[in-house]
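Here is a short briefing to read alongside the structure. Take a moment with the fold, and then let's walk through a sheet, its helices and a core.

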Amino acid sequence: MRNFNRKHDEIRNVAFATPRDSFAEGSCLITLGKTQVICNATVEYSTPKWLNSKKSGWITAEYSMLPRATEKRNNREITLGKKSSRSSEIQRLIGRSIRSVVDLETMPGIQIFLDCDVLLADGGTRTASINGAFIALSRAIRRLIKKKVISSNPIKSHLAAISCGIVENTILLDLDFDEDSKASVDANFVFNSNLNLCEIQVSAEKKTFSESQFIEMLNISKKGVSHIFKLQNQVLDE
């Protein structure tokens, strides 16, 4: 029996909260089972130097994990003097995924930073970060439209992500930490709201997997993100 008494194709409880007193232009606290990530969107009226000659905006992301987000304390990366390769890879994933559903040319001269900080980690922190960052971004964009900084919404589609994997020859959706540590195959899928793929990350960590297993992981992941899209719509309609 899985934790939370879940079926193989069932995700953990998902909740989005949008703090009213946040200083950030957009903010979202996402809870995915025990995993908690706070995502903040910050608007700046400048773009990277390499974009100076282009009439485009930019969106980038940073990801970090608090020292006691895990069972044992981890050192802050600033103490180590550099980002870990894992954190760097995850924040690039978040940035790429978000940019895939945004028309950057409709927000020239504007850069939005998405800070995703893990408060509690029990698996799925990168997918939770993408889901929460999209809400934070959407709220920041709404503020820009309300202030008439931009005239139209540059977001072309909603965005959601989910993990999937194979544990003891069984395909499971939305792995928690215990399941992820035992997985022979680990995957992350990022979709837009039309269920078109924005990104796929799949690795055979202990043994290979078949095409039919990949298709099954893809299909149950579509089911999982469809639920997330409904919840995102609800919180953005409030």
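Helix α5, spanning residues 211-237, lies across β6, β7, β8 and β9, and its direction is at about 140° to β6. Please keep in mind that this is a predicted model. The points below start with the helices and move on to the sheet and the core.

**Helices on the strands**
- Helix α3 lies across β6 (159-167), β8 and β9.
- The angle between α3 and β6 is about 165°, while α5 runs at about 140° to β6.

**The sheet**
- An open sheet is built from 4 strands, in the order β7-β6-β8-β9, with antiparallel pairing.
- At its edges are β7 (170-173) and β9 (197-204), each of which pairs on one side only.
- On average, neighbouring strands in this sheet are turned by 15° against each other, direction ignored.
- In general, strands of a sheet pair through backbone hydrogen bonds.
- Strand β8 (residues 185-192) is joined to β9 by 7 bridges, and the two run antiparallel.

**The nonpolar core**
- The largest nonpolar core holds 63 residues, and I98 and I112 have the most contacts inside it.
- Helix α3 (residues 125-146) supplies the largest share of this core, with 10 residues.
- Which residues does I98 touch, leaving aside its neighbours within four places in sequence? I98 is in contact with I59, L114, I130, A133, F134, L137 and L159.

Terms used:
Residues numbered from 1 in each chain as written. Predicted model: local features only at pLDDT ≥ 70, side-chain atom pairs only at ≥ 80, totals over all residues. Heavy atoms only, no water. Core = buried A, V, L, I, M, F, W, Y, C linked by side-chain atoms within 4.5 Å. Buried < 20%, exposed > 50% of the residue type's maximum accessible area, 1.4 Å probe, protein only. Contact = heavy atoms within 4.5 Å. Pairing = 2+ DSSP bridges. Axes fitted to C-alpha atoms, helices over the stretch in contact; angles between N-to-C directions.
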